[in-house]
Amino acid sequence: MSLLTHIIAGREQVIDHRPWPRVLVDPGLWRYTADRLADGSLALLSEWGEPGWVHMAVLDTAVAPPVAVLSLACPDNRFPAVSAVHPPAIRLERTIRDLFGLEPEGLADTRSWLDHGRWGDTQEPATSYRFLPAKGGVLHQIPVGPVHAGIIEPGHFRFTCDGETVVRLEERLGYVHKGVDLLMTGAPVARAARLAGRVSGDSTVAYALAFARAVEAATGTTPPERAVWLRAVMAELERLANHIGDFGAICNDAAFAIMLAHCAVLRETILRNAAGAFGHRFMMDRIVPGGVAVDLQPVDIAHLQALVRQLREAMPRLTRLYDDTPSLQDRTVTTGILRPALAKQFAAGGYVGRASGRNFDARRDLVYAPYDVLSFAVPVLQEGDVNARVWIRLKEIDASLILLDHLLRELPEGPVAVPLQEVALGEGMAVVEAFRGDVLVWLRIANGVIERCHLRDASWFQWPLLEVAIEGNIVADFPICNKSFNCSYSGHDL
């Protein structure tokens with residue numbers, strides 16, 4: 001019997017939870033599972049709360065089912081802290097504490113996370129937040145943000161340095177907290193779908209897809225085959241636009257602006273083709289529960305196939321330019337190294353994890369249509385530096401072009417949407433591969449209304465790793481390290 005099967009065996013199971021089991025556990029089994037996360041036997045997918053309950057999703061790709069959700073009742077509003085033995089849960093449990101008033105017993109860091117001292121009756125100045133200390137010789141601090149020089153979202157970075165060398169980086173996020181959990185509660189499915197697609201704008205397709213698949217799981221709805229393939233077309237276009245944009249931006253942070261110019265043109269070309277084919281540059285609101293909201297016409301398919309050919313011609317030249325520029329390599333090779341052990345411990349997704357040896361891709365390992373019938377490469381490297389994160393992107397661009405070519409050539413005929421099945425109560429969960437890693441959506445539907453919904457961006461497990469990757473590097477290398485991670489503020493802050 002596998003470990004995950006052993007954990008859920010004999011436990012009271014929530015009947016209407018699909019596609020993976022959700023079981024009710026006691027504090028002892030909750031602690032046992034936390035210990036298995038700590039020793040690396042399982043990986044943490046997410047942890048979230050609701051009034052009177054805390055939930056934990058765990059992953060074991062070596063078995064079936066690969067995912068299970070454990071739910072623990074908190075009658076006294078307290079629960080054993082997973083983070084007491086497994087640090088990746090710290091920020092998730094600080095968030096549960098802020099949002100639901102549930103107290104994680106054993107939580108090492110009891111500072112508020114989303115609450116910046118502005119909630120409730122007690123108002124605190126921003127300066128009252130206690131950043132962690134660092135001991136050493138003559139150290140100094142450099143505060144950066146939350147307002148930045150560029151047009152980006154807010155986040156505060158507190159550097160502690162010995163000269164130019166970073167001794168500690170601590171992040172403070174939460175500035176773009178939008179109350180998504182509360183906005184979702186009580187929302188009709190159609191409105192909730194629009195909210196999900198706006199959690200992180202650069203991943204609107206991935207979030208809409210995860211939400212739609214979770215709703216379809218909860219209601220027992222099967223979307224048409226053509227819709228499923230069209231969803232994959234949009235997902236790969238989104239991946240291409242972001243990977244190419246990131247490639248140019250990373251090089252720009254190494255003062256190689258010509259690459260940014262080339263990549264900006266290609267990214268804009270992708271977005272214009274997406275607008276022409278799907279009616280929106282970012283394909284927002286095009287994936288809906290039950291299918292998709294727009295179909296492709298033959299002329300649209302022809303234009304997208306021409307785009308694939310254009311990218312296939314352009315990217316090898318840019319790859320050679322990157323690889324043949326020693327001054328650029330000098331900035332990326334051995335900079336911002338993330339050790340494979342930490343990538344595994346934090347279950348880091350996307351290019352962050354795969355550049356540091358974590359061989360995981362939700363499209364393959366938590367297989368969902370149409371990727372179950374498609375062949376594609378999942379590149380993995382071990383070096384864990386900025387250069388490795390660049391190369392993962394470049395290899396994934398190649399893989400996405402191959403996928404797009406196949407999807408467009410073999411696109412099945414038929415309808416693109418079906419009505420959702422009506423259910424009095426249902427719970428659904430989905431994990432999809434966004435460009436920066438896995439996105440998770442868990443929800444409960446009651447009579448067409450969202451009763452509870454939890455969304456988790458890959459950035460939850462990537463932001464803490466950026467703090468580690470920059471240690472020992474110089475301050476001037478932070479922008480390029482940060483961009484090589486490209487974590488989402490909005491997707492994290494919810």
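These legends walk you through several close-up views of one predicted model.

Before you start, note that residues are numbered from 1 along each chain as its sequence is written.

View 1. Helices (H or I, at least four residues) and strands (E, at least two) are DSSP runs, numbered from the N terminus. The C-alpha trace spans about 65 × 60 × 45 Å along its principal axes. For 494 residues, a compact globule would have a radius of gyration near 23 Å, and the 22 Å of this chain agrees with that. This radius is taken over C-alpha atoms, and the globule rule is 2.2 Å times the number of residues to the power 0.38. Of the 494 residues, 58% count as buried; buried means under 20% relative accessible area, exposed means over 50%, and partly exposed lies in between (1.4 Å probe, protein chains only). Among contacts with a separation of 6 or more, 67% come from residues 24 or more positions apart, where a contact means heavy atoms within 4.5 Å.

**View 2. The surface of the chain and its charges.** The accessible surface comes to about 19100 Å², and carbon and sulfur atoms account for 54% of that area. Accessible areas come from the Shrake-Rupley method with a 1.4 Å probe, and for residues only the protein chains shown count as cover. The chain has 48 positive and 58 negative charges, and their mean positions are 2 Å apart. Here Lys and Arg count as positive and Asp and Glu as negative, with His and the chain ends not counted. Each charge is placed at NZ of Lys, CZ of Arg, CG of Asp or CD of Glu.

**View 3. An open sheet of five strands.** Follow the strands in the order β1-β3-β6-β5-β4, and you will find mixed pairing. At the edges are β1 (12-13) and β4 (43-50), each of which pairs on one side only. Two strands pair if DSSP finds at least two bridges between them. Strands β1 and β3 run antiparallel and are joined by two bridges, with Q13 opposite V23 in β3. In contrast to that antiparallel pair, β3 (residues 22-25) and β6 (residues 67-73) pair in the parallel sense over four bridges. Along this pair, look for R22 opposite V69 in β6 and L24 opposite S71 in β6.

**View 4. A closer look at A73 in strand β6.** Is A73 buried or partly exposed? Its relative accessible area is 37%, so A73 is partly exposed. Leaving aside neighbours within four places in sequence, A73 is in contact with G52 and W53. The C-alpha atoms of A73 and G52 are 6.0 Å apart, although 21 residues separate them in sequence.

**View 5. Helix α3, a mostly covered helix.** Helix α3 takes in residues 90-100, and eight of its eleven residues are buried. The buried residues include R91, E93, R94 and D98, as well as L92 and F100. Just after α3, look for G101, which takes a positive phi of about 70 degrees.

**View 6. L237 in helix α7.** Helix α7 covers residues 225-253. L237 counts as buried because its relative accessibility is 1%. Which residues does L237 touch, not counting those up to four places away in sequence? They are I270, F278, M283, L304, L307 and L404. L237 and L401 are 164 residues apart along the chain, yet their C-alpha atoms are separated by 8.9 Å.

**View 7. Strand β14 and its two partners, β2 and β15.** Strand β14 (residues 425-434) is mostly covered, with nine of its ten residues buried. With strand β2 (residues 17-18), β14 pairs in the parallel sense over two bridges; with strand β15 (residues 437-446), β14 pairs in the antiparallel sense over ten bridges. A hairpin joins β14 to β15 through two residues.

Terms used
This is a predicted model: local features need pLDDT of at least 70, side-chain atom pairs count only at pLDDT 80 or more; totals for chains, interfaces and linings use all residues. Side-chain values use heavy atoms; hydrogens and water are left out.
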